[in-house]
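This report describes the fold of one protein chain and the contacts that join its parts.

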Amino acid sequence: MATLNLVYYPDDPLTQTAEPVESFTAELATLAENMLETMHAYDGVGLAGPQVGIAKRLFVLQEPEGLEMCLVNPMVTEHSGEEAGEEGCLSMPTIYAMVTRPTHVRVQAQDIEGNALDFEADGFLARIIQHEYDHLEGILFPERLDILTRQSKYQEWAEARDNFILGKAPSNHAT
Ligand code: ZN
């Protein structure tokens, strides 16, 4: 397994619509394993293909109970309820906001071998699924905020991004 490089907003392909997964190969399974390892390395609870530079419709997540899951070609087919909850994103580290989303979803997807899945999710799991699903549509969580909050969150990230990325790069300044 390997830790993958994260892509930071607004770099490609984060704002693009991801392509369906058509073949369920060993490479796809390895990608999902590496995405899980990367998610854990960065203390995330979900990670979508575009966040590691892969514009394919899959994401991994860890349920609140600890179970890991990989969803391929997911669709949210029903939703109900509404609740605000705090979200952050590995593609915009250090930025957090209260995001209002449905509390209950029904999901149809495929697993990493291509088997059909159909299940319902509530609460935090429903929130993770919707946040990750948005990544497949090229949508980051500030798009779910009112316009003034959205603008202030993008501004906050624009100011944080350079320091964040410079801070992670190897220092070339010592010479
Ligand atoms: Zn995210």
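Five strands form an open sheet in the order β1-β2-β3-β6-β7, with antiparallel pairing. The model is a predicted one, in which local features need pLDDT of at least 70 and side-chain atom pairs count only at pLDDT 80 or more, while totals for chains, interfaces and linings use all residues. Residues are numbered from 1 along each chain as its sequence is written, and side-chain values use heavy atoms, with hydrogens and water left out.

**Sheet**

Two strands are taken to pair if DSSP finds at least two bridges between them. Strands (E, at least two residues) and helices (H or I, at least four) are DSSP runs, numbered from the N terminus. Six bridges join β3 to strand β6 (residues 104-110) in the antiparallel sense. Opposite Arg 106 in β6 stands Glu 78.

**Helices on the sheet**

Contact here means heavy atoms within 4.5 Å.

The expected span of a helix is 1.5 Å times one less than its number of residues. For the 16 residues of helix α1 (residues 26-41) this gives 22 Å, which agrees with the 22 Å between its end C-alpha atoms. The buried residues of α1 include Leu 28, Leu 31, Ala 32, Met 35 and Met 39, where buried means under 20% relative accessible area, calculated with a 1.4 Å probe on protein chains only. The buried residues of this helix pack against β1 (46-48), β2 (58-62) and β3 (68-80). Just after α1, Asp 43 adopts a positive phi of about 60 degrees.

**Zinc site**

Cys 89 (SG), His 131 (NE2) and His 135 (NE2) coordinate the zinc ion at 2.0 to 2.2 Å. Donors are N, O and S atoms within 2.8 Å of the metal (3.2 Å for Na, K and Ca), and sites may look incomplete because water is not among the atoms. The donor residues follow the spacing C-x41-H-x3-H in sequence. Cys 89, in the loop between β4 (83-87) and β5 (97-101), and His 131, in helix α2 (residues 123-136), are 42 residues apart, and the pair links distant parts of the chain. Cys 89 counts as buried because its relative accessibility is 8%; His 131, at 6%, also counts as buried.

**Aromatic pairs**

Rings of Phe, Tyr and Trp (its six-membered ring) pair if their centres lie within 6.5 Å; planes under 30 degrees apart count as stacked, over 60 as edge-to-face and the rest as tilted. The count comes to four aromatic pairs. One of them is the tilted pair of Tyr 8 and Trp 157, with 6.4 Å centre to centre and 45 degrees between the planes. Tyr 8 lies in the segment before α1 and Trp 157 in helix α3 (residues 147-168), so the pair ties together parts that are 149 residues apart in sequence. Tyr 8 and Trp 157 are buried. The rings of Tyr 9 and Tyr 154 are stacked, because their centres are 5.0 Å apart and their planes stand at 15 degrees. Tyr 9 and Tyr 154 are buried as well. Ring pairs also link Tyr 8, Trp 157 and Phe 164 into a cluster.

Conventions. Buried means under 20% relative accessible area, exposed over 50%, partly exposed in between (1.4 Å probe, protein chains only).
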